[in-house]
Amino acid sequence: LPDTQGPFDIAHLARGHELFTDLHDDPPFVHHLMELATEVYLRATTMLKAAAGEPLNGGHHSGCVYLENCGVRLCDDSGSLLSPRLLEEFVLPYQRRALAAFGGGWVHWCGYRRQMLDAYLPLPEVRGLNIGHMGPCDPTEVLPRVVEAGKVYVGNWPRPPGQSLEEYFGSLLRCLGGRKRGLILQMGRDETMPPTGEIMARWHQAQEEQLR
């Protein structure tokens, strides 16, 4: 699938920034719009998955992630701007319906938002999370919560300047409680890093050291 948005992002794209005042001025309109946006998400995703030859509850993403019992990615960048109360009333019921239709899915938003972790981690329809452009976010604040909730973090994690690969890998793995679970790490490679094969070897060595 391409990077499909979620119902609230679709509603925001359709309505514009007025949506954020509509939440207070005309709640029935927002709920109506969310019903329509959810239907758009369901129909478009079903059509795209059929064209790609994917089952509704599985598939691939980002060219490297295989999904099973997790059919979709859902973006909620716009929802990350809301308070917990507004998320609970206007966003989560529709996101849950969208995810449930495809056997669950993983959710993306940009920027570290504690209220988003609080909102999404308990949902049974959510299989995993991805945070983009998170800034100086401490993995000890996020990854243990993901593991405790039985979810998976999918994606890159910023490496602090000057931190070696061994230190970087170790800091992430320690957050997983000494087990190889809860993290599908995607990372790029720049000119300062060793060849890909050596990076993978160091990653596996770090895993073995954590499991001793």
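**Figure 1. Strands E3 and E4 run side by side.** E3 and strand E4 (residues 105-110) pair in the parallel sense over 4 bridges; two strands count as paired if DSSP finds at least two bridges between them. Helices (H or I, at least four residues) and strands (E, at least two) are DSSP runs, numbered from the N terminus. Look for Arg73, whose bridge partner in E4 is Trp106. This is a predicted model, in which local features need pLDDT of at least 70 and side-chain atom pairs count only at pLDDT 80 or more, while totals for chains, interfaces and linings use all residues. Residues are numbered from 1 along each chain as its sequence is written, and side-chain values use heavy atoms, with hydrogens and water left out.

**Figure 2. The open sheet has 5 strands**. Follow the order E3-E4-E5-E6-E7, in which the pairing is parallel. E3 and strand E7 (183-185) are the edge strands, each pairing on one side only. From one strand to the next, the twist averages 25°.

**Figure 3. Strands E1 and E2 form a hairpin**. Strand E1 (residues 58-61) pairs with strand E2 (residues 65-68) in the antiparallel sense over 4 bridges. There are 3 residues between the two strands, and Ser62 in the turn has a positive phi of about 60°. Val65 in E2 is the bridge partner of His61.

**Figure 4. His61 meets residues from other parts of the sequence**. His61 lies in strand E1 and is buried, with a relative accessible area of 6%. Buried means under 20% relative accessible area, exposed over 50%, and partly exposed in between (1.4 Å probe, protein chains only). Not counting residues up to four places away in sequence, His61 touches Leu1, Pro2, Asp3, Leu67, Arg73 and Trp106; contact means heavy atoms within 4.5 Å. Pro2, found in the segment before H1, is partly exposed at 45% relative accessibility.

**Figure 5. Helix H1 has several buried residues**. In H1 (residues 7-15), Pro7, Phe8, Asp9, Ile10, Ala11 and His12 are buried. These residues pack against helix H2 (19-25), helix H3 (27-52), strand E3 (72-75) and helix H4 (84-100). After H1 comes Gly16, with a positive phi near 90°.

Figure 6. Helix H7 (residues 165-174) packs with helix H8 (residues 196-211) at an angle of about 45°, and their axes are 9 Å apart. On the H7 side, the contact is made by Leu165, Glu166, Phe169, Gly170, Leu173 and Arg174. On the H8 side, Ile199, Arg202, Trp203, Ala206, Gln207 and Gln210 take part. Axes are lines fitted to C-alpha atoms, for helices over the stretch in contact, and angles run from 0 to 180 degrees between N-to-C directions.

**Figure 7. Asn69 and His133 have positive phi values**. Most residues other than glycine have a negative phi. In the loop between E2 and E3, Asn69 has a phi near 55° and is partly exposed, with a relative accessible area of 44%. His133 lies in the loop between strand E5 (126-132) and helix H6 (139-148). The phi of His133 is about 50°, and His133 is exposed, with a relative accessible area of 76%.
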